[in-house]
Amino acid sequence: MSYSAQRLGKNQGGYFGQPIDINQVLRDDLEAARKFGWQIDELPVSDQLDLLAFRRVVQSPQKRLYISTGIHGDEPAGPLAVRQLLQEGRWPDVADLWLCPCLNPTGFPLNRRENADGVDLNRDYRHLQSPEIRAHVAWLEKQPSFEFTLCLHEDWESHGFYIYEVNPDHEPSFGEKMIEVVSKVCPIDDSPVIEDRPAQGGIIRPDLDPAKRPLWPEAFYLTMHKTRHSYTLEAPSDFPLPVRVAALVTAVRTVLDEMSDPSRNRRTP
């Protein structure tokens, strides 16, 4: 293994790791998006705040992929991973891409999960009470359906990287491949139960009905309205930040590589 597997031991009862300058990260994202020809949307939240969303459309798309991150302000690895991916510009020429680089920009200066109003935005996708999620959903409603979605997160309680996969139609999964490749840069959480759900080999595959849940995370909304196959990628917050960023970047790259494999390509209807 090439990673440093030493835990930080800082996160007792919450995330107490290093914060990031989210405004600088988003400036870097914008610069990279413009450099590589992404279309840029501004999602109005208030007079003082817009969310950013990027779109990359290719000539003959065979796939549609959506990526988001930064919905929890105490999970810095996701925005840093997206910045790295944008700056590298290594995107497949077979897929249209949609990317939201930070859904909770007011939470990061506070280094806390919730936004500045104390709302956990990742539980608001059913009732749409926050202006951030209303703006995000209004934008999503204008986009086509996606073949896959990736939501980049961290978990301060986890023992390693893991995946939460919602795949009600039992389509072929990238889960095991992501775990295999990420294991070279980050520990995997092999616990039999993660987040009170059965897990196997670092993957949770819940048998769930979002319609029966009172509060929806982004992944539930996406599964109900925009895709039939979503992955929530969870990096372990109690490991060094570069390890967590590498885990998320590696997982996304693995999906991009698999999508570019001609044997897996099929045109999105």
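**Entry 1: α1 and α2**

I looked up how α1 and α2 lie in this predicted model, and they are roughly parallel to each other, because angles under 35 degrees count as roughly parallel, over 145 as roughly antiparallel, 65 to 115 as roughly perpendicular and the rest as oblique. The two helices pack at an angle of about 25°, with their axes 9 Å apart. For the terms, I noted that helices (H or I, at least four residues) and strands (E, at least two) are DSSP runs, numbered from the N terminus. Axes are lines fitted to C-alpha atoms, for helices over the stretch in contact, with angles running from 0 to 180 degrees between N-to-C directions.

The crossing of α1 and α2 is left-handed; that word applies if the near helix is turned anticlockwise from the far one by less than a right angle, and right-handed applies if clockwise. On the α1 side I listed Ile 22, Val 25, Asp 28, Asp 29 and Ala 32, and on the α2 side Pro 79, Leu 80, Val 82, Arg 83, Leu 86 and Gln 87. Contact here means heavy atoms within 4.5 Å. By class I found seven nonpolar, one polar and three charged residues in this contact. Ala, Val, Leu, Ile, Met, Phe, Trp, Tyr, Cys and Pro count as nonpolar, Asp, Glu, Lys and Arg as charged, and the others, Gly among them, as polar.

**Entry 2: ground rules**

I noted that residues are numbered from 1 along each chain as its sequence is written, and that side-chain values use heavy atoms, with hydrogens and water left out. The model is predicted, so local features need pLDDT of at least 70 and side-chain atom pairs count only at pLDDT 80 or more, while totals for chains, interfaces and linings use all residues.

**Entry 3: the partners of α6**

I then took α2 (residues 77-88) with α6 (residues 241-259): their axes come within 8 Å and cross at roughly 55°. α2 and α6 are therefore oblique to each other, and α2 passes α6 in a right-handed crossing. From α2 I listed Ala 77, Gly 78, Leu 80, Ala 81, Gln 84, Leu 85 and Glu 88, which meet Leu 241, Arg 244, Val 245, Leu 248, Val 249, Val 252 and Arg 253 of α6. This contact has nine nonpolar, two polar and three charged residues.

Next I checked α4 (residues 175-182) against α6, where the axes come within 9 Å and cross at roughly 135°. That makes α4 oblique to α6. The crossing of α4 and α6 is right-handed. Lys 177, Met 178, Val 181 and Val 182 of α4 meet Ala 247, Thr 250, Ala 251, Thr 254, Val 255 and Glu 258 of α6. Here the classes are six nonpolar, two polar and two charged.

Helix α3 (residues 131-140) is mostly covered, with seven of its 10 residues buried. Buried means under 20% relative accessible area, exposed over 50%, and partly exposed in between (1.4 Å probe, protein chains only). I wrote down the buried ones as Glu 132, Ile 133, Ala 135, His 136, Val 137, Trp 139 and Leu 140. Their cover includes β1 (39-44), β2 (50-56), β3 (63-69), β4 (95-100) and α5.

Arg 134 is also in α3, but it is partly exposed, with a relative accessible area of 41%. Its side chain reaches the backbone oxygen of Gln 129 at 2.7 Å. I noted that Arg 134 and Pro 44 are 90 residues apart in sequence, yet 9.6 Å apart in space, C-alpha to C-alpha.

**Entry 4: Thr 223**

Thr 223 lies in α5 (residues 218-225) and counts as buried at 4% relative accessibility. A polar atom of its side chain lies 2.8 Å from the backbone oxygen of Ala 219. Leaving aside neighbours within four places in sequence, I found Thr 223 in contact with Val 166, Pro 168, Arg 228 and Ser 230.

**Entry 5: positive phi**

Most residues other than glycine have a negative phi. I looked up two residues with a positive one. His 170 has phi near 55°; it lies in the loop between β6 (162-166) and α4 and is exposed, with a relative accessible area of 69%. Asp 196 has phi of about 65°; it is in the loop between β7 (193-194) and β8 (197-200) and is exposed, at 75%.

How values were computed. A polar contact is a pair of N or O atoms within 3.5 Å; within protein, one must be able to donate a hydrogen and the other to accept it, and residues adjacent in sequence count only if both atoms are side-chain atoms.
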